[in-house]
Amino acid sequence: PSPKVSLQDENGLFFDVIIIHYSLCILFESYIPKYLRKGIREFSGIKVQIIQDEYRWINKMMNEMSFLGIDAIFSSVNLENLNRVYRKPELNSVLKVSCLPGYVPERLIGVDSPRISEREIHLGYRGRELPYWLGRLSYEKTRLSDEVGKRIKNLPLNIDLSSKEKDRLYRDDWKAFLKSTKAVLGLEGGASIFDFDGEVERAVSNYLELNPRADFEEVSTQVLSPYEGNIVHQTITPRSFEAIAYKTVQVLLKGEYRGVLQPWKHYLPLERDFSNIDKIVSYLNDDIKLQEIADLAYREIIGSGLYSSSILGQGVDGVVDLIRNFKTKQLCAE
């Protein structure tokens, strides 16, 4: 027989709040088995969903959140896009909160890092080849290292740039990479296509099955153009906070970065047509200027505490209090 779970008894709750972390995808039984799904649905306390990678399975996610009776969604999309993404009428009464996809944990505060002059690599990058159906914005992650690499490969710089899955770095290897690199290449996270029902992914898969050698530009023209830009989601990523914590300067494609980072102050802004690459290179060869940017970014982004994990915690607490007060008033009115 299937196991059973009870999140409350006849006289009250065992728990006041359930928070579903973004690492637990509610669509898959391997994360949320049926018996727990039933228990969450029947739970009468406050239910909060923290979600990321919101560009896929959107309709299914909305249906499942409605089934579970989610009270609040913490989303990485900005305020302008919240209701455009979570647009089902069943979610109209759900409190939707825009937050960053990552904050600064205690472990990143005060980490020991070598000075810029002691680092061997001028510019590093580790990205990932993302599927075409996420649109042009995501394709830039792959294109970025290739284009920059072409432009500076013959210069007297020590570079280590890759978007290959086999070259990905994790945990201690990633920390060591940041400590050995004067500057890292990067860009905003997000996507320029939101695939609500899987139609875009299926269309791209079908096209590539018939045209396996098609590149992004061909797929973009033949398949993606009707969908491109249906929702544009751009945000700062947790990797930016990591780089700043290790006092590694960032060379980033010019963008908004949710208002957190300012160009030439917290990072070196690279034009999207790479027209200012010579100026960027001059900074990469100047350890003094790089150290000034690294130190200032650390003071204002990490040292200030403005983006610490406790800020997210306070936001969650505030939302829980708001929902609790609202539900209490509803009960009193009844």
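In this predicted model, W174 and F177 are both buried. The two residues lie three apart in helix α5 (residues 171-180), which means that about one helical turn separates them. An α-helix has 3.6 residues a turn, so residues three or four places apart point the same way. Eight aromatic pairs are present in the structure. In the pair formed by W174 and F177, the ring centres are 5.8 Å apart and the planes meet at 25°; the pair is therefore stacked, as the angle falls under the cut-off of 30 degrees. Elsewhere, one aromatic cluster is formed by Y132, Y139 and F216.

Helix α9 (residues 277-284) also contributes buried residues, namely I277, I280, V281, Y283 and L284. These residues lie on the same side of α9, because the arc they cover around the axis is only 160°. The packing partners of the buried α9 residues include strands β5 (121-126), β7 (181-186), β10 (249-253) and β11 (268-270). Helices α4 (136-152) and α10 (287-303) are also packed against by these residues.

Overall, the protein contains eleven helices and eleven strands. Of its 334 residues, 45% are buried. The C-alpha trace spans about 70 × 55 × 40 Å along the principal axes. When contacts between residues at least 6 apart in sequence are considered, 74% join residues at least 24 apart.

Definitions and conventions
Residues are numbered from 1 along each chain as its sequence is written. This is a predicted model: local features need pLDDT of at least 70, side-chain atom pairs count only at pLDDT 80 or more; totals for chains, interfaces and linings use all residues. Side-chain values use heavy atoms; hydrogens and water are left out. Helices (H or I, at least four residues) and strands (E, at least two) are DSSP runs, numbered from the N terminus. Buried means under 20% relative accessible area, exposed over 50%, partly exposed in between (1.4 Å probe, protein chains only). Contact means heavy atoms within 4.5 Å. The arc is that of the directions from the helix axis to the C-beta atoms. Rings of Phe, Tyr and Trp (its six-membered ring) pair if their centres lie within 6.5 Å; planes under 30 degrees apart count as stacked, over 60 as edge-to-face and the rest as tilted.
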